[in-house]
Amino acid sequence: MNSARCGYRVFSANSSEACMELAKKITERLGAELGKAVVYQESNGETRVEIKESVRGHNIFIIQTIPRDVNTAIMELLIMAYALKTSCANSIIGVIPYFPYSKQSKMRKRGSIVCKLLASMMSDAGLTHIITMDLHQKEIQGFFNFPVDNLRASPFLLQYIQDEIQNYKNAVIVAKSPDAAKRAQSYAERLRLGLAVIHGEPQCAELDMVDGRHSPPTVKNTVHKGLEIPLMMPKEKPPISLVGDVHGKIAIIVDDIIDEVESFVAAADILKERGAFKVYAMATHGILSSDAPRLLELSAIDEVVVTNTIPHELQKQQCSKIRTVDISLILSEAIRRIHNGESMSYLFRNIALDD
């Protein structure tokens, strides 16, 4: 594909080698070259972006993977988008495989919905479209006033199970909490495998956290006389338990994000106690922050499978169990179809709402 003739350019919003790896794979599949730009931090910590070629009238795709320094990555994306906007680019599409702050998409007491704020900032900076993958909450798409294509990594992960896990027909798909049951059910149905759900995980689930409707807290002397609102009983998680049979089977825990891994480690322990002879942990986004690689290396998990939506080469050096699935194919195809004005429905074949 001749990018100059077709009137589009692909830029990387981060110049570090780890973050440019995915961008290089995408451009190789497109038969294009990365756009010429310089992205760096000045001595005072400010981000500076310089576009080194003309982009007037072109469709621009900015690839931004999110490393550990999330806020710097966001500023790089916003500043580059604004620089391209003021350089008269025709359209500016952000390719953000892992969308940052996606866990902060609900009101928490007197907090804020940071994901909505970020969506507004991207719009103001000049972005006109976003390509992302496996949003933590699909409703996040409603925060934007421009199109969002939420691609799925599940076809690649399902293919990994079929190709790389020996005797996968003897496996069972596991949800480490009831919240992940729909995703696990989708995997189990597509692979024709059994399903198991772990209930009573020690940490508070996201849906149990207090939202803005409980703010301000009810105080008895502030209630009007004669108005007695029934008090909601607090939730109390039961002891951790497993629903489903994993004895003598391969247990595959599936989720969308692996970040802090304590819940995965606890799930692996109970699966091994119940007779599972091998445990896999599988997710789209491998953030693996803090000491997650060390905990995984010491855990009962035999293998951790994530995609390259986030660079994790450093974590792989600390944990020999991490395997990477390349998803550059679907991102490059999405870029090609959007630029050529083709339908995106092909990339969502057989994708259900719960996938």
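Two strands count as paired if DSSP finds at least two bridges between them, and helices (H or I, at least four residues) and strands (E, at least two) are DSSP runs numbered from the N terminus. On that basis, strand 8 (residues 171–175) and strand 11 (residues 250–258) pair up in the parallel sense over four bridges. The model is a predicted one, so to speak of local features takes a pLDDT of at least 70 and side-chain atom pairs count only at pLDDT 80 or more, while totals for chains, interfaces and linings use all residues. Residues are numbered from 1 along each chain as its sequence is written, and side-chain values rest on heavy atoms, with hydrogens and water left out.

The open sheet has seven strands in the order 10-9-8-11-12-13-14, and its pairing is mixed. Strand 10 (241–243) and strand 14 (322–325) are the edge strands, each pairing on one side only. From one strand to the next, the twist averages 25°; axes here are lines fitted to C-alpha atoms, for helices over the stretch in contact, and angles run from 0 to 180 degrees between N-to-C directions. Helix 5 (residues 154–164) packs on this sheet and touches strand 11, strand 12 (278–286), strand 13 and strand 14, where contact means heavy atoms within 4.5 Å. The direction of helix 5 makes about 155° with that of strand 12. Helix 7 (residues 262–273) lies across strand 8, strand 9 (194–199), strand 10, strand 11 and strand 12, and runs at about 170° to strand 11.

Strand 5 (residues 91–96) pairs with strand 6 (residues 129–133) in the parallel sense over four bridges, and Val95 stands opposite Ile131 in strand 6.

As for domains, the bounds come from an automatic or database domain assignment, which gives domain 1 (9–151) and domain 2 (154–200 + 239–324). Their C-alpha centres lie 29 Å apart, and the contact takes 15 residues from domain 1 and 15 residues from domain 2. Between them the domains bury about 1,300 Å², 54% of it on carbon and sulfur atoms; buried area is the accessible area (1.4 Å probe) that two parts lose on being put together, summed over both. On the domain 1 side, Arg68, Tyr98 and Asp134 lose the most area to domain 2, together 44% of what that side buries.

Ser299 is found in the loop between helix 8 (292–298) and strand 13 (303–307). Ser299 counts as buried at 13% relative accessibility, given that buried means under 20% relative accessible area, exposed over 50% and partly exposed in between (1.4 Å probe, protein chains only). Leaving aside residues up to four places away in sequence, Ser299 touches Val265 and Lys321. Cys319 is buried, at 1% relative accessible area, whereas Cys88 is partly exposed at 36%. A search of the whole structure for disulfides finds zero, a disulfide being a pair of cysteine sulfur atoms within 2.5 Å.
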